[in-house]
Amino acid sequence: MLKKLVEIWGVSGYEKQVSDYIVEQVREYADEITRDAIGNLIVLKRGNGENKKKIMVAAHMDEIGLCVVKITPEGFLKVKKVGGVSAHCSFMNRVIFRNGTVGTVASYAKPEEFKSGEIDKLYIDIGASSKEEAEKYVNVGDCAMFEGPYQELAGRNVMAKAFDDRSACYIQIEALKEMDVPYHDVYFVFTVQEEVGLFGATTSSERIRPDLGIAIDITGSFDVPGDEHGNASLGKGAAICISNACVVCDEEMVEQMVECAKENQIPYQFDVLANGGTDAGAINKSYRGVKAVGISVPTRYGHSPNSIINLDDVRACIDLLKAYVERPLRIITEEVFK
């Protein structure tokens, strides 16, 4: 299922193929399934606790990509980025449009002559010899995803595109399938358009109005040469988020998550990101304010066609999420002082 999820076409704003696949995976395990107006998939598992509250678990379905802004007279495709796309990571990689048209990302400048953010220096070559020929395959506004097939590597490591955030979609699906009846109502939300501004989590959290939000996402793996400015590493377990650029996680809920990991002998590590964020940021500031935490998969080379994760870390994330949402968590939403 993980292989299938990462290989589905699903650039930000166009996630329906991913959503349709997930519906088929969760249908028999859910009490209620809703797809809202912008494409968020909301999968409810009702709890049986006497004082149950609402927990929202969010993983985004979208992936980064490129969008055609102009077709030149010679048949080349000028593009803009969709999400956090690096010009350097894009250069000379293959891309695929939703209709199956394939091309390569090229540039009229040498790589050393443009900066990572200068997407305007790039274009896609689909082999067309004129604008008229190109328009038989691609239109202005069409989006392309990067090609990055799922590959098994040494040990328990695997490589593919779109582990951000299809690995988290997989974690949510497996946790739902394996869990017993939870204490609280759990809303497994598969969000849209995270990469372009956390839009799906913003609207779905306003709809659900949860008492606790849990973002499932990737984080950096700071175990490669020259990049040690972080704690999470491949193979050391689920990464429990403390804070990132979008959210400071609720201290008490983090403590309960650590207790849960210890009690269930689930390997874990702490994660603090100097840059970047997750759907937790949108949930945290929704409605009147919502407690938020995060569970992340350490990932090398994120936002590239060749990101690498460890399957034991994925398993730890599934186990931690399942155990955490099944228990009668102490969720204090409001305190009143005279």
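Predicted model: local features only at pLDDT ≥ 70, side-chain atom pairs only at ≥ 80, totals over all residues.

Trainee: Which residues does the cis peptide bond join?

Mentor: Asp 164 and Asp 165, with omega at about 15 degrees. Asp 165 belongs to helix α5, residues 163–178 (helices are DSSP runs of H or I with at least four residues, strands are E runs with at least two, and both are numbered from the N terminus).

Trainee: And what is the phi of Gln 193?

Mentor: Near 55 degrees, a positive value in a residue other than glycine. Most residues other than glycine have a negative phi. Gln 193 sits in the loop between β12 (185–191) and α6 (199–208).

Trainee: Where is Tyr 301?

Mentor: In the loop between β16 (291–299) and β17 (307–310). Tyr 301 has a positive phi too, about 60 degrees.

Trainee: Switching to the surface: which residues make the nonpolar patch?

Mentor: Ile 242, Phe 270 and Val 272, covering about 230 Å². Patch residues have over 30% relative accessible area and no salt bridge, and nonpolar side chains (Val, Leu, Ile, Met, Phe, Trp, Tyr) are joined within 5 Å, like charges within 9 Å. A salt bridge would be a side-chain nitrogen of Lys or Arg within 4 Å of a carboxyl oxygen of Asp or Glu. Areas come from the Shrake-Rupley method with a 1.4 Å probe, and for residues only the protein chains shown count as cover.

Trainee: Which strand holds Phe 270?

Mentor: Strand β15, residues 268–272.

Key. Residues numbered from 1 in each chain as written. Heavy atoms only, no water.
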